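Look over the fold before reading on.

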Amino acid sequence: MVKQLPAVGLFSIILMVTPNGLCDVQVPNASFEEGEKFPGAWTLKDGIGTWENTGHSGKRCISLSGDGLCCPRWTSESFTLEPNKFYRLSLWMKTVGGVVVSIRVRCGGTRSGPEVGVRHPEWKRYDFYFDTPEKTKSSSLHLYTYFGQGRVFFDDVTITEVRPVYRKKAGIELGTEERIKDNLYIAGFGKEYGGENPTVIRGGPGSRYLFKVPEALYCGGRWYVERGGIIFRHKVGQVEQTEATFRFLFTYRPAGTPIVLASNDGKNFVELGRERELKKWSDTFQLPAKLFPAKEIYIWLRCDETPEDKGWHTYELFGYEYKSKVANPIPDLEGKTEFVEVGK
Ligand SMILES: [Ca+2]
């Protein structure tokens, strides 16, 4: 059992081209085999962790033991990620008892990653996708558990550069959570939590309709929308949209007021309305007729400060639904996003 770890070893971190030609990031001591008394390049904080004498590969891995409190974690030494890239983070996990694991990549600015419930005694590989902000310089990886009583094991961490590819038909590209049916274009996601399937997109990194993130945090399959908010863009090839509606679902709103705006050029936005009351779905907003016909529509979700909520203002976006009619008959299409590895 390890309570406090001294710094051990120096691990040089570089972007390297692996023998298979892919562009991998070398995560420090990624199989946890190196070290003397403790796993080199990793530090334990705020809880109970163990450098185990077993592993998915090799002879070693690390574990966290949840004691019902928040939040024991292993933190890696820093490594380099490039700005404005997509990456796949893969790691192997198993548990004794079930725990919720949160995996965060910190890379220049506030960024977060998925949460996933791990409840299986055999090793299983998990893949997560994230993108890096413009200010990315030094990065580090953080493995947490939340308020659980079980024990979770980690081994074989890899980070590989990828890029999203969207399904295409008749000149129209659609990604996961987008579809065309009976000349209706529908985009968005529902309330269901990522759970055991953390690779779902839910408007997150790699989503085709995610346009810009002025001020929001993606974590565990939902967005924490702050004052600057998040902007989605809905574009169906070169086909014009003639009318549209929108609704959203938010939970946990410690402060502020959710505000919805729309635009057909990404510059001039009109306010559709505000919602302050928590309910299953918001009212349905009909987008103003003056925005149509349009080849693209932008939806901007923000959180406005209110006089009684000075300081902190945010809400969690759990559901999002945009529907529009298209001007010309087009074939039905169920969108799909896949991440392909980038070779050098
Ligand atoms: Ca290992």
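**From fold to residue**

Among contacts in the protein with a separation of 6 or more, 76% join residues 24 or more positions apart; two residues are in contact if their C-beta atoms, placed from the backbone, lie within 7 Å. This is a predicted model: local features need pLDDT of at least 70, side-chain atom pairs count only at pLDDT 80 or more, and totals for chains, interfaces and linings use all residues. Numbering starts from 1 along each chain as its sequence is written.

The protein has zero helices and 26 strands. Both are DSSP runs numbered from the N terminus: helices are H or I of at least four residues, strands E of at least two. Of the 344 residues, 38% count as buried. Buried means 20 or more other C-beta atoms within 10 Å of the residue's own, exposed means 12 or fewer, and partly exposed lies in between, with C-beta atoms placed from the backbone.

The largest nonpolar core has 37 residues. Such a core is a set of buried Ala, Val, Leu, Ile, Met, Phe, Trp, Tyr and Cys residues joined through C-beta atoms within 7 Å. Elements that give two or more residues to this core include strand 17 (210-219), strand 18 (222-235) and strand 24 (314-326). Strand 23 gives the largest share, six residues. Ile230 is among the residues with the most contacts inside the core. Beyond four places in sequence, Ile230 touches Val213, Ala216, Trp223, Val225 and Leu301. A second, separate core of 36 residues includes Leu91 and Phe154.

Asp304 also lies in strand 23. Asp304 counts as partly exposed because it has 14 C-beta neighbours inside 10 Å. Beyond four places in sequence, Asp304 touches Gly256, Thr257 and Ile259.
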